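Visitor: I would like to go through some helix packing in this entry. Please show it first.

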Amino acid sequence: MVTRTVDLRSDTVTKPCEAMRAAMANAEVDDNVLGNDPSALRLETEMARITGKEAALFVPSGTMGNLISVLVHCDVRGSEVILGDNSHIHIYENGGIATIGGVHPRTVKNNEDGTMDIDVIEAKIRDPRGQLVYPTTRLICLENSHANTGGRCLSVEYTDQVGELAKKHGLKLHIDGARIFNASVALGVPVHRLVQAADSVSICLSKGLGAPVGSVIVGSESFISKAKILRKALGGGMRQVGILCSAALFAVQNNVAKLENDHKNAKTLAVGLNEINGLKVNVSTVETNIIYVDLEESSNLTAEKLYKNLQQHGVVVMLEGPYSIRIVIHHQISETDVQYTLSCFKQVLNGANVHSENGN
């Protein structure tokens, strides 16, 4: 019988603490579609301040935040956005920019560190003289930290260079900053400086920060005015949303400081897993809270078998492929949980090797 659960599927699985629940219960609310919810306004004001942007807008999800941002910048159907081939917007958001917005994605290969080569980005920008046959490039999208490359962080120097390229060609720059606070903590660079070159940023509040729901998009006053209209059109206008915004504001004020420990726990777990025979982790790439683990042939296990065996010990991970899994650390994972997880991996891997040696 499993008596302990260590949920490592994602940093979206956190539960509100009692203090966060109290903030929600005591939230001052009003009709936010009419623009009068004081708790929403407090959150949006704080997020605009933190990011150094003129205004902010609370939205139900990161997917909606990215969709709204792309559609504001690409307000003519048939516009084109340049983005990474391994980016969240391109892979995990239901193709919404195309199906809903009529925006054409033009991909650039993401490098192992989450960047895209700047010369390749520039080469992908359409020549305006070809507008009779080509889509019109209007936007470049970056992701920081970059989830599918293991939570790698884009440096401020790189982001500035992409921003300069965008300006050179009259384009806008959007940053999918779902985990921008993780990048900020890992790099030791304030959020406002990391996103200084961006025209808009989407920031998830329900990942590492631990709020139960929601994201915020930030940008200029005119950008947010247009974003409000699109939020309503997409069904994201909510009434007494201050209940959720109070939880989010609590998360911003109290949980950012916990991210450094999340990163430390992730590194500890990565190092420990890499020392287990049959597992391989590129420890040097673990910069924030995401770990990718590959199973070697010597493990005698598939990822699915490993997943099921770990589950029997109460450890839950995310399947990534036939021989790979993903682990994400969050603030409700303790150092003791990390050591317990390592012991469970060792038990499962040792058991698999014993069965193989016995011919079972």
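Visitor: At what angle do helix H1 and H11 cross?

Guide: This is a predicted model, where local features need pLDDT of at least 70, side-chain atom pairs count only at pLDDT 80 or more, and totals for chains, interfaces and linings use all residues. Residues are numbered from 1 along each chain as its sequence is written, and side-chain values use heavy atoms, with hydrogens and water left out. Helices are DSSP runs of H or I, at least four residues, numbered from the N terminus; axes are lines fitted to C-alpha atoms over the stretch in contact, with angles from 0 to 180 degrees between N-to-C directions. The axes of H1 (residues 18–25) and H11 come within 7 Å, and the crossing angle is roughly 140°.

Visitor: Why is H1 called oblique to H11?

Guide: Angles under 35 degrees count as roughly parallel, over 145 as roughly antiparallel, 65 to 115 as roughly perpendicular and the rest as oblique. The axes cross at roughly 140°, which makes H1 to H11 oblique.

Visitor: Which residues of H1 make the contact with H11?

Guide: Contact means heavy atoms within 4.5 Å. On the H11 side are Ile243, Ser246, Ala247, Phe250 and Ala251. From H1 come Ala19, Met20, Ala23 and Met24.

Visitor: How far apart are the axes of H2 and H11?

Guide: H2 covers residues 38–51 and H11 residues 242–254. They pack at an angle of about 35°, and their axes are apart by 8 Å.

Definitions and conventions:
Helix = DSSP H or I, 4+ residues; strand = E, 2+ residues; numbered from the N terminus.
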